[in-house]
Amino acid sequence: MGDTGSVGTRGGRGAVVAGAAVLLLLAGCGSGGDEAGAAALGKGQVASVLPDAKAAPGWRLYMKPAALKPMAEYPPPVCVSRTKEQRETACRPATFWGSSAFVRKADRTTLNFWVLAYEDEKAADAAYDVLIKWYGGDRVGQDARKVELGGTGAEREANRAAVGTMGGPGTIAQLRVGTTVLGISTGTEGTSAVPDQEVKAFATMFAERAQQAQNGEKPSASLPGH
């Protein structure tokens with residue numbers, strides 16, 4: 001994998017748990033512009049943003065949605081950066097974090113979601129800029145190419161590589177929706193990539209769930225087919 005990421009798009013200027021679960025993340029509906037509501041989320045709301053079995057038909061849930069409050073001495077394992085200063089910007093201000101994960105047994109493809117929540121949009125915006133330097137660009141694998149996510153979220157970037165950390169095609173996407181930074185990864189030991197349109201659907205659904213929670217609603221967005 002390359003060591004350099006690229007800063008993701010911002011508005012209109014273009015586009016787990018520890019240990020093994022973090023590796024899975026690397027293996028693997030809001031719309032553009034500023035969100036209508038950008039409230040800080042509580043622990044239960046963060047957990048509700050994460051897709052569950054109902055939200056992802058066709059995928060088997062193997063890591064249920066769960067949210068935790070970070071410990072001061074241990075940043076969330078999904079909050080990865082290169083320097084201490086970057087960790088202070090992206091990880092220390094996080095109020096809650098969580099993850100959920102799925103597998104498609106037929107081809108051993110994984111689908112992983114993570115979320116980091118912040119007190120306000122300013123903190124989430126600063127964290128996004130740090131985290132995309134890690135998760136963006138060719139972090140998913142060498143010679144990665146962009147995956148178009150449309151206008152989902154206020155900021156977004158997705159990249160696909162033919163050879164990810166699981167040996168087959170992989171994708172990593174990151175979005176910011178209001179006070180949250182969202183991550184999605186796919187990976188497989190096989191040869192069939194998760195199509196770009198599916199990745200876009202994951203991002204759209206996840207962003208909508210985050211926006212629903214910030215609007216004070218119970219997240220209900222799901223993938224087509226539910």
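Q: Which residues form one aromatic cluster here?
A: Trp59, Phe102, Phe113, Phe202 and Phe206 form it. A word on the source: this is a predicted model, in which local features need pLDDT of at least 70 and side-chain atom pairs count only at pLDDT 80 or more, while totals for chains, interfaces and linings use all residues. Residues are numbered from 1 along each chain as its sequence is written, and side-chain values use heavy atoms, with hydrogens and water left out.

Q: How many aromatic pairs does the structure hold, and how do I read one?
A: A pair of aromatic rings is described by the distance of the centres and the angle of the planes. Rings of Phe, Tyr and Trp (its six-membered ring) pair if their centres lie within 6.5 Å; planes under 30 degrees apart are stacked, over 60 edge-to-face, and the rest tilted. This structure holds five aromatic pairs. In one of them, the ring centres of phenylalanine 102 and phenylalanine 113 are 6.0 Å apart and the planes meet at 85°, so the pair is edge-to-face. The two residues are 11 apart in the chain, with phenylalanine 102 in strand S3 (residues 96-104) and phenylalanine 113 in strand S4 (residues 109-117). Helices (H or I, at least four residues) and strands (E, at least two) are DSSP runs, numbered from the N terminus.

Q: What is the arrangement of phenylalanine 113 and phenylalanine 202?
A: Their ring centres lie 6.4 Å apart with planes at 80°, so this pair is edge-to-face. It joins strand S4 to helix H5 (residues 196-214), across 89 residues.

Q: Is phenylalanine 113 buried or exposed?
A: Buried means under 20% relative accessible area, exposed over 50%, and partly exposed in between (1.4 Å probe, protein chains only). Phenylalanine 113 is buried at 0%, and phenylalanine 202 is buried at 1%. Phenylalanine 102 is buried as well.

Q: Which residues touch the most other members of the largest nonpolar core?
A: In soluble globular proteins, nonpolar side chains tend to be buried together. A nonpolar core is a set of buried Ala, Val, Leu, Ile, Met, Phe, Trp, Tyr and Cys residues joined through side-chain atoms within 4.5 Å. The largest one has 33 residues, and Trp59, Phe113, Ile184, Phe202 and Phe206 touch the most other members. Helix H5 gives the largest share, eight residues. A second, separate core of 23 residues includes Cys79, Val80, Trp114 and Ala124.

Q: Where does threonine 109 lie, and what does it touch?
A: Threonine 109 lies in strand S4 and counts as buried, at 1% relative accessibility. Contact means heavy atoms within 4.5 Å. Leaving out residues up to four places away in sequence, threonine 109 touches Trp59, Phe102, Val103, Arg104, Gly187, Thr188 and Val194. Its side chain also makes a polar contact of 3.3 Å with that of threonine 188. A polar contact is a pair of N or O atoms within 3.5 Å; within protein, one must be able to donate a hydrogen and the other to accept it, and residues adjacent in sequence count only if both atoms are side-chain atoms.

Q: Which cysteines form a disulfide?
A: A disulfide is a covalent bond between the sulfur atoms of two cysteines. The rule used here asks for cysteine sulfur atoms within 2.5 Å, and the count comes to one disulfide. Cysteine 79 and cysteine 91 form it, with sulfur atoms 2.1 Å apart. The link is left-handed, with -95° about the S-S bond. Both cysteine 79 and cysteine 91 are buried.
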